[in-house]
Amino acid sequence: PSMARQGSGAMLASSGLGFPPQNLARVVVWEWLNEHGRWRPYSAAVCHHIENVLKEDARGSVVLGQVDVQLAPYIIDLQSMHQFRQDTGTMRPVRRNFYDPSSAPGKGIVWEWENDNNSWTPYDMDICITIQNAYEKQHPWLDLSSLGFCYLIYFSSMSQMNRQTQRKRRLRRRMDLAYPLTIGSIPKSQSWPVGTSTGTPCSCPQCLLVNSTRAASNAILASQRRKLYPGAVRQSSTFAGAALWPAGTGTVAVPGGTAKGEGLRVPGGVFAPNQSVPSGAPLPGLNNLNQPGTQRAAGLGARAAVPPGVPALPVKNLNGTGPVHPALAGMTGILMCAAGLPVCLTRAPKPILHPPPVSKSDIKPVPGVNGICRKTKKKHLKKSKTPEDVVRRYIQKVKNPPDEDCTICMERLVTSSGYEGVLSHRGFKPELVGKLGKCGHMYHLLCLLAMYNNGNKDGSLQCPTCKAIYGEKTGTQPPGKMEFHLIPHSLPGYTDSKTIRIVYDIPTGIQGPEHPNPGKKFTARGFPRHCYLPDNEKGRKVLKLLIVAWDRRLIFTIGTSNTTGESDTVVWNEIHHKTEFGSNLTGHGYPAPNYLDNGLAEL
């Protein structure tokens, strides 16, 4: 930066949080709660979009993909204040936070740090405001320890340094769209659906899903109103609180009766059994969007009266571990909350991915395994073996083949190969048939040649029928490093054994001729990756086989991630690993009684 920086550094705390008086303008920032318990801001463009929807229908749903294609799977339900991912069913709390218009979000200033993938990640909003305040005051450095982070910010070099590891990262300050300003109260909710200025709802697939969800919840609520309050005056179809929570009673109107009973966790406020709802107070289940995020978060743990004998119908399968599909559980939660039914949106327990810290002196080699590290370099193709030579090596010619199908081209073995005229060949007539030496399965020689040319061309063949391998099979794993050692901690289910920790590390690079897009850059997300085995006889056998698989470049490959959908990235290559140290919430941890036996059979 060009401005001079003199004097002492700063140890500051953010002053932008809180809820200003109603008559003052404030900047609105919408944030979501990540798995580490930190509130992450949406971009300014997304926040403007949410605010626009909020003005039209304070109980509607926001389709984030309409403003940011990278957020296409996500919907925010303003009724429950949760972000819902349609393809996985994952739900995360969201909040509407307020900051001073003169702060960084009000000016459109974004501070970001460079992550391991050479892309930029924005800081949490309170940290961003703190950095900008120190920058404007021309402090040469900033200590973030007062915010709970062991980092120092140096403005002269525009870098961030970890005080414990001394590792430095670049940071940058950029200008973006300013976050939306608001003043006064939020408009009353309108009927669903709300469309554009013409009143026509959007017809994209995501909006159709949201519209059908809201229509279903409207129908549920209307049905309950007719049953419970046949003489009540009809109100807006967007769940006005008075119809479900009559003033002067301490009961919750739900199917099955209106008796008083035990407490219920609902968003919005605290109502004990037998307590009347205060006049003008925010009603349970109807979030108050003008509250600061911290006040509303506290309301999530509040309790209200629930009639006895009414099923609570808790939605507790949001992490995918139960019998209910997570997407179904998530949509059920939104529908029930919108209809005023009791909902318990439980937060999924966090997996224990890593063991407690281990000092270097406690790390030991694995008994019976040579070394502690293996490295792979770029693949060197053996020029001497032509595809025809490889096929000839493993087959025996069949003079009188049976009248059955070749399972590669699906033509009869007594006729010519389906690759006749498609594949150029030297010395392979299209009618020639061969038998693989070990398993005896028969194919056209031209078909085997086509299969080999479509693979890794590593000098090996694999029978497409029984998967028997001929030669030494190798893969397309990019260059990297594999480390393995003992740590003095036990895995669940193996309390009498220490643990073998495997660390894979693959950097980003350029794809080779054996990869999907030669010459194009590939990414390597989530490295180094840690995996765990018990230190027993079977565990050490699995480790030795994994080392062989690593040397043959079979552990990873380059393809499309099933998790993120990203292409040209390093992905697992169908050899199962346990990446969760102290739990088994993801299915990739311990205890796993059959994992070692299955691993030995797989390898």
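Residues 232-323 keep a pLDDT under 50, and the model gives this stretch 202 contacts beyond four places in sequence. Here pLDDT is the predictor's confidence in each residue, from 0 to 100, and a contact means heavy atoms within 4.5 Å. Residues 380-384 also have a pLDDT below 50, with two contacts in the model beyond near neighbours in sequence. Where pLDDT is low, the predicted coordinates should not be read in detail. Across the protein the pLDDT averages 74, and 67% of the residues score at least 70.

This is a predicted model, in which local features need pLDDT of at least 70 and side-chain atom pairs count only at pLDDT 80 or more, while totals for chains, interfaces and linings use all residues. Residues are numbered from 1 along each chain as its sequence is written, and side-chain values use heavy atoms, leaving out hydrogens and water.

The secondary structure comes to 11 helices and 29 strands; helices (H or I, at least four residues) and strands (E, at least two) are DSSP runs, numbered from the N terminus. Of the 603 residues, 44% are buried, where buried means under 20% relative accessible area, exposed over 50%, and partly exposed in between (1.4 Å probe, protein chains only). Among the contacts with a separation of 6 or more, 64% are between residues 24 or more positions apart.

Strand E27 (residues 529-534) has five of its six residues buried, so the rest of the structure largely encloses it. E27 runs antiparallel to strand E24 (residues 499-505), and six bridges join them; two strands pair if DSSP finds at least two bridges between them. In this pairing, Tyr504 stands opposite Arg529 of E27. The charged end of Arg529 sits over the ring of Phe527, 4.3 Å from its centre. That description requires NZ of Lys or CZ of Arg to be within 6 Å of the ring centre and within 35 degrees of the ring normal. Phe527 is joined to Pro528 by a cis peptide bond, with omega about 0 degrees, and Pro528 lies in the loop between strand E26 (521-522) and E27.

Phe527 and Tyr504 also belong to one aromatic cluster, together with Trp550, Phe556 and Trp572. The structure holds 12 aromatic pairs. Rings of Phe, Tyr and Trp (its six-membered ring) pair if their centres lie within 6.5 Å; planes under 30 degrees apart count as stacked, over 60 as edge-to-face and the rest as tilted. Trp111 and Tyr135 have ring centres 5.3 Å apart and planes at 65 degrees, so this pair is edge-to-face. Trp111 is in strand E8 (residues 109-114) and Tyr135 in helix H3 (residues 125-136), 24 residues apart. Both Trp111 and Tyr135 are buried.

The buried residues of H11 are Tyr595, Leu596 and Gly599. Seen down the helix axis, they fall within an arc of 95 degrees, so they line one face of H11; the arc is that of the directions from the helix axis to the C-beta atoms. Their cover includes E27 and helix H10 (537-551). Pro591 is in the loop between strand E29 (569-572) and H11.
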